[in-house]
Amino acid sequence: MPILHQMPMSGNCYKIRLAASQLGIPLTLKDYPLHDGLTRKPDFLSKNPNGRVPLLEFEDGRTLPESGAILWHLSEASRLQPSDSWSRVRALQWMFFEQYSHEPYIAVARFIKAYGTPDIQERRKSEWPMLMERGNAALGVMETHLAKHDWFAGGRYSIADIALYGYTHAADEGGFDLSLYPAVDAWLKRVAEQPGYIPMWPHK
Ligand SMILES: N[C@@H](CCC(=O)N[C@@H](CS)C(=O)NCC(=O)O)C(=O)O
């Protein structure tokens, strides 16, 4: 069974647990505490030189980091990946959006506010206005899309929705007011109704 190296509170890791649950793929979970730096130690760096989870380790020794790449791999030829090439590239478009314009602000605000030590919160407080501005901009882009579409790619639920759901559904923990985004809020509810859905907590 593949091993998912992960942190329970990480939205990037939750994306993988959610997709695996919905695809019926069993995973062994190996948990790393948030603040102890174990992913930066040689043993973990030999599996992912970038020192981050999620990391999927297969029985034959191959390893795959990056939540988007793992989602893509697990969902190949499944109902969670659009089948026509235009819809597949639309899924990628939203997954790249998530990684560059969404996660760096919404996930980081959540990390600092909900999981940061007092020292981290003090050191990073100057970032706050920028995180709020750019995170809200990302939520606005999602709102514009979801005002006209139920899903992000191919007219049905896919890994693009899972990639964006990971941190959007926990954005309130980062100080974002989701009531300002009614179409996003309605989409969050649709995602939670999909077969095989599991919440972020508890993950075991
Ligand atoms: N682009 C990566 C981001 C991974 C990431 O930032 N992982 C965090 C947890 S969410 C991590 O491993 N942090 C520990 C560290 O940086 O040492 C992905 O989508 O998988």
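Modeller: Let's start with Glu66, which sits in the loop that runs between strand E4 (63-65) and helix H3 (67-75); helices and strands here are DSSP runs, of H or I with at least four residues and of E with at least two, numbered from the N terminus. This is a predicted model, with local features needing pLDDT of at least 70, side-chain atom pairs counting only at pLDDT 80 or more, and totals for chains, interfaces and linings using all residues. Residues are numbered from 1 along each chain as its sequence is written, and side-chain values use heavy atoms, with hydrogens and water left out.

The backbone of Glu66 deserves a look: its phi is positive, about 80 degrees, although Glu66 is not a glycine. Glu66 is also one of the residues that come nearest to the ligand, together with Arg40, Val53, Ser67 and Gln99.

Val53 uses its backbone, where an N or O atom lies 2.7 Å from a ligand nitrogen. Arg40 brings a polar side-chain atom to 2.6 Å from a ligand oxygen. For Ser67, a side-chain N or O atom is 2.6 Å from an oxygen atom of the ligand. On its own the ligand has 510 Å² of accessible area, and the protein covers 79% of that (Shrake-Rupley method, 1.4 Å probe).

Back at Val53, the backbone has another feature to check: the peptide bond from Val53 to Pro54 is cis, with omega near 5 degrees. Pro54 belongs to the loop between helix H2 (42-45) and strand E3 (55-57).

Definitions and conventions
Near = heavy atom within 4 Å. Polar contact = N/O pair within 3.5 Å; in protein donor to acceptor, adjacent residues only side chain to side chain.
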